[in-house]
Amino acid sequence: MTAWFTDNGLLLGLALLDGLAYAALVFMVAVGLNLVFGVLRIVNVAHGSLFAIGAYTAASIGLFLAAHGLPPVASYGALLLAAVLVGAVLGPPIERLVLRRVYGHEDALQLLVTFALFMILEDVQKLVWGVQPVANDAPMKYLGTVDVPFGEDVIPFTAYQLFVLPGLAVLTLAGLAWFLRRTLTGRVIVAVTTDKEAAMAMGIDATRVTLLTFTFGAALAAFGGALASPTTSLVPGVGAQTIVLSFAVVATAGLGQIEGAAVSALLIGLGRSVAVYFAPEFEVVVPYIIMVAVLLVRPQGLFGVPETRRV
Amino acid sequence: MTHALTRRQAILGAATSGSLLFAGGNAGAQQKPAELKVGICTFLSGSASVFGVPAKQAAEMLFEEINKAGGIGGVPVRPYFVDEAPGTDHLVGEYRRLVQNEGVHIIFAAISSGSCLACTPLSDEMKKTTLLWDCGTQRIFEEGNHPYAFRTQGYGAPEVLAPLLYLLKHKPDFRSLAVINQDYAWGRDSWEMWKAGMDALKPGVRVVAELFPRLGATDYSTEVTRLLASRPDVILSTSWGGDLVTFVRQASERRLFERSTFVLPVAEASLQMLGRTMAAGHVIGARGDHWNNHPRPKDPARLAKFVADYRARFNEYPIYPCHHMAQAISAMQAGFAKAIAAKGGGWPNDEELANAFRGLTFDTPTSSITLREDGQGLEDQIVGLSTFTDRFPFAVPKDMVIFPAAMVSTPVGQKSVEWMKTLKPDILAQMPAAIAG
Amino acid sequence: MNRPLEAGLAVLGAAALVLVAWAAPWLKFVLTLALAKGIAVLGILLLLRAGQVSFGHAMFLATGAYTVAFLAPEMPEALLLLPLGALFGTALGLVVGLFVARYRDIFFGMLNLALSMVLYSLLEKLYALTKGTDGIRVAGLTFAGAQPAREIQEWIMFALALGLALGFGLLVRAYLGSPMGQALAGIKTRETRLEFMGVPARRVLLFAYVLSACMGGTAGALVAMTSRHVTPQLAYWTSSGELVFIAILGGAGSALGPFLGAVAFELVRVYAAAQVADAWQMILGGVLLAVILFAPGGVWGILAARFKARA
């Protein structure tokens with residue numbers, strides 16, 4: 001074991017750096033999914049589509065700005081703008097016109113409603129952005145690279161991957177924690193998450209809270225997509241991969257748990273990149289193995305609270 | 001109600017398609033059809049569509065040209081495009097639909113090696129002439145006999161061996177190598193052949209990493225870190241399409257091109273999209289000889305016209321899938337002409353059509369290709385070093401070597417991997433001299 | 001419950017399918033696949049009766065399909081491969097079922113999803129065994145020792161699928177009518193009451209789960225023998241989503257529902273894909289949304305309501 005670490009310890013360090021950026025992206029998506037589940041009690045399959053649309057929108061706005069001669073730093077504004085746009089344009093209609101009609105229905109129907117939305121939004125992407133890859137790596141290039149020492153060698157990492165992604169994820173987590181604990185709206189959301197009936201009996205307008213939460217969750221998904229867009233080429237199918245990974249993060253964390261999502265995103269992100277280094281064959285399967293292992297030991301997830309059984 | 005309606009529609013649809021089938025069938029005496037229907041499998045969506053869509057455009061352009069000139073044997077041609085992207089199981093269903101429902105006369109299949117491996121046995125079963133117009137896996141004709149399938153371009157063995165020989169000549173002292181290929185038939189098969197050839201010609205090269213990211217992966221940052229850390233002298237990647245573009249972008253941003261010599265046998269189709277992001281001085285191939293700056297094309301006027309027409313219409317240079325599509329179409333024209341002539345002007349049935357393709361020679365803008373007795377086409381290979389010139393806004397090769405197809409192709413009846421193991425270093429002496437370009 | 005309608009529709013539907021298959025050889029292929037999928041959906045229906053929705057049931061279908069693909073070169077006898085596919089599906093169902101039968105609702109769905117993604121990732125990554133994403137071509141089959149011509153073989157597969165669909169349909173009817181089947185509905189409404197009455201809920205659900213896995217395996221074997229090519233896509237989470245989709249589309253009220261749903265689904269897909277290649281998924285999603293919001297009983301519900309109104 002010790003011998004292994006002297007041989008591979010440095011490599012492990014690199015794997016952790018790679019995993020951190022990946023975990024940050026996964027966290028951004030999973031935290032929105034979890035927030036929405038906490039309040040609406042619906043696992044939103046279309047969350048992945050919102051991620052993809054956010055990514056496409058950010059890339060398009062970025063390319064548009066660059067074409068009109070704005071400096072690359074402006075494309076950072078594009079990332080945020082995309083999140084706000086997608087959240088505001090798609091969030092309210094989905095919640096008002098579709099989800100609201102199935103609150104309290106069977107799980108199967110709720111899941112399938114969002115599955116139907118997922119199918120529709122997947123094709124909307126194709127119709128709007130076509131099937132060719134879309135890429136705008138200006139935000140990543142703008143910050144350049146940072147040399148990370150590796151024994152006697154150095155490894156260039158992009159500053160975007162090393163600082164911006166993890167930094168924004170930590171900021172989002174802190175901001176969300178502050179919002180939920182310190183502001184009135186946040187406390188109302190927590191109240192509805194914990195006990196909807198009691199919250200409504202206290203006079204809380206649940207209709208408003210669900211609308212707000214869903215819109216906010218949609219914006220978070222889109223923001224995750226926007227942040228991912230500079231490092232990848234966007235192609236159809238991006239949403240399907242993302243959502244199934246965030247399911248794993250959310251289920252591992254425990255449904256409705258915000259900080260838990262951060263921990264399990266780290267676990268899964270690091271697990272995956274360590275696998276790329278030491279067992280590349282198992283890269284794809286690692287997140288699900290982690291999830292199954294956690295649920296075997298703690299059926300309600302790492303941070304979940306067991307539900308009382310109904311009589 | 002919904003259900004009753006769909007079923008009624010289905011029966012109506014069935015009735016019409018059934019009658020279509022009888023009309024288009026091959027029973028009895030062959031009548032000249034009203035149109036020659038060509039099923040074309042290509043990527044219309046997904047990251048591989050950067051290959052598939054330009055090829056489709058080339059097909060549409062050339063089909064129009066053919067129809068303007070009176071069609072094939074006086075019959076107008078009509079393409080039926082099918083998307084490969086939804087997966088192999090979907091594609092085999094589509095293949096059946098093309099044959100049984102649309103009544104196509106000939107099928108072009110496909111870009112992905114996985115698609116071709118699935119479609120060729122269907123061509124045997126349904127006795128439908130199938131031109132493998134782009135896929136590269138050597139397994140098709142080496143693992144079975146397919147009387148109705150023909151590949152109208154080169155394939156894995158020459159496309160791997162030519163860059164390997166070039167590398168051995170250009171950088172004979174490399175000691176370590178890493179491979180990063182797409183995780184599917186072509187990525188795996190091409191690596192197996194490269195490894196066999198490299199171990200035979202230059203034993204003792206250390207393979208420091210074997211990475212097979214998913215086909216269509218969009219993030220290679222972890223893989224790039226690993227390649228940076230292991231510092232191989234050479235990095236081989238037979239990846240293509242959007243995958244290669246993304247990988248090269250991420251690798252070049254993190255200066256991987258400064259540390260290792262890249263060998264990219266399928267680079268040509270991605271160079272336009274990469275522009276100046278591609279680094280100079282790396283080994284690049286085109287899966288054939290169809291570079292825009294081909295030093296001595298067989299028919300310079302035809303090559304210039306094809307490139308000019310394509311550029312005028314689609315505002316970009318044709319990439320090698322466009323050339324492969326043009327080759328398949330040339331082969332189809334030559335094959336039908338031969339079959340019709342053999343029947344004294346009559347229209348060939350499926351079997352007569354397939355027979356016409358065996359041993360067929362047809363011209364391409366850059367050279368001519370002969371289909372061997374096993375169905376495999378012999379296409380020359382040009383490999384060179386990436387460089388930038390005033391003529392093109394993207395990388396093109398310099399110091400080009402034209403490898404004659406016969407020199408780098410596995411002889412009929414042998415398996416490529418086994419054949420590569422028997423290679424002797426004196427094959428390097430047979431290599432033609434490089435042309436500055 | 002609507003006995004004469006069910007019997008009449010079953011006979012009429014079977015006759016119509018034969019007629020269509022005879023008129024259009026290619027639709028015979030599509031309908032065989034639809035019938036096979038219908039059998040898998042019948043398994044989903046059992047779990048829906050217990051209020052549980054499995055978003056990973058495609059894993060059993062893939063198991064049956066890969067069983068056929070792996071064994072066919074050594075043992076090409078279709079009449080042995082079919083029960084073997086069912087057997088392997090059942091065996092996996094028992095192993096997975098012992099684990100997931102402890103979970104309910106969203107956790108049940110998520111765990112099934114994670115386990116199916118484990119299978120998917122392994123099928124995709126273990127290239128040496130499974131040929132990865134290219135999948136495996138199913139070698140030539142024999143039927144009772146004979147190797148019939150392609151046309152006849154297609155008819156045999158169609159007849160097998162139709163026969164098995166009718167057989168499993170009758171079996172599920174009988175099962176749902178039995179006390180074991182009745183207890184499933186108890187899990188959906190008030191599980192604790194069930195246990196007060198001395199009925200072990202976990203065992204009731206496990207039995208239904210294993211039976212559904214058996215049908216999944218059978219369906220997979222049929223799919224593999226019909227399409228003659230298997231790929232990991234069979235186990236992807238969207239394939240599982242499709243199965244649940246078909247269950248809701250057809251209607252959970254009758255054993256006929258899955259087959260009504262599967263035929264409708266495949267025909268809509270085939271014709272939508274031929275007409276609007278870029279938007280067939282959107283059309284399917286729209287249909288699903290409309291069914292859930294306006295006709296939650298599915299196709300079967302619509303037919304049953306019309307029949308009642310007339311009677």
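This is a predicted model: local features need pLDDT of at least 70, side-chain atom pairs count only at pLDDT 80 or more; totals for chains, interfaces and linings use all residues.
The secondary structure of chain A consists of twelve helices and two strands. In sequence order these elements follow the pattern α-α-α-α-α-β-β-α-α-α-α-α-α-α. The radius of gyration of chain A is 20 Å, close to the 19 Å that the globule rule gives for 311 residues, so chain A is as compact as a globular protein of that length. Its C-alpha atoms occupy a box of roughly 65 × 55 × 35 Å along the principal axes. Of the 311 residues of chain A, 55% count as buried. Among the contacts in chain A between residues at least 6 apart in sequence, 75% connect residues at least 24 apart.

An unreviewed UniProt entry places the feature "transmembrane region" at residues 20-43, 50-67, 73-90, 159-180, 209-228 and 285-305 of chain A. Two of these annotated spans were examined in the model. Residues 20-43 of chain A are 88% helix and 0% strand, and the end C-alpha atoms of the span lie 26 Å apart. Residues 209-228 of chain A are 100% helix and 0% strand, with the end C-alpha atoms 29 Å apart.

Helix α3 of chain A comprises residues 74-98. This helix has 25 residues and reaches 35 Å from its first C-alpha to its last, close to the 36 Å expected at 1.5 Å a residue. A bend of about 30° occurs in α3(A) at L90(A), and a proline, P92(A), follows within four residues. The buried residues of α3(A) are S75(A), A78(A), L79(A), A82(A), A83(A), V86(A), G87(A), L90(A), G91(A), I94(A) and E95(A). An α-helix has 3.6 residues a turn, so residues three or four places apart point the same way. The packing partners of the buried residues of α3(A) are α2 (47-67), α4 (107-129), α5 and α9 (206-228) of chain A.

Chain B contains 16 helices and 15 strands. The radius of gyration of chain B is 22 Å, close to the 22 Å that the globule rule gives for 437 residues, so chain B is as compact as a globular protein of that length. The C-alpha trace of chain B spans about 65 × 55 × 45 Å along its principal axes. Of the 437 residues of chain B, 58% count as buried. Among contacts in chain B between residues at least 6 apart in sequence, 73% join residues at least 24 apart.

Contact between chains A and B involves 29 residues of chain A and 26 residues of chain B. On the side of chain A that touches chain B, at least two residues each are supplied by α1 (2-40), α5 (138-143), β1 (145-150), β2 (153-158) and α11 (258-278) of chain A. The residues on this side of chain A divide into 16 nonpolar, nine polar and four charged.

The contact between chains A and C takes 37 residues from chain A and 42 residues from chain C. On the side of chain C that touches chain A, two or more residues are given by each of α5 (105-125), α11 (237-250) and α13 (280-294) of chain C. Of these elements, α5(C) gives the most, with 15 residues. The residues of chain C on this side comprise 27 nonpolar, nine polar and six charged.

How values were computed: Residues are numbered from 1 along each chain as its sequence is written. Chains are lettered from A and ligands numbered from 1 in the order in which they are written. Two residues are in contact if their C-beta atoms, placed from the backbone, lie within 7 Å. Ala, Val, Leu, Ile, Met, Phe, Trp, Tyr, Cys and Pro count as nonpolar, Asp, Glu, Lys and Arg as charged, and the others, Gly among them, as polar. The radius of gyration is taken over C-alpha atoms; the globule rule is 2.2 Å times the number of residues to the power 0.38. A residue is buried if 20 or more other C-beta atoms lie within 10 Å of its own, exposed if 12 or fewer, and partly exposed in between; C-beta atoms are placed from the backbone. UniProt positions are given in the numbering used here, feature names are shortened, and annotations may be inferred rather than shown by experiment. The expected span of a helix is 1.5 Å times one less than its number of residues. The bend at a residue is the angle between axes fitted to the seven residues ending there and the seven starting there.
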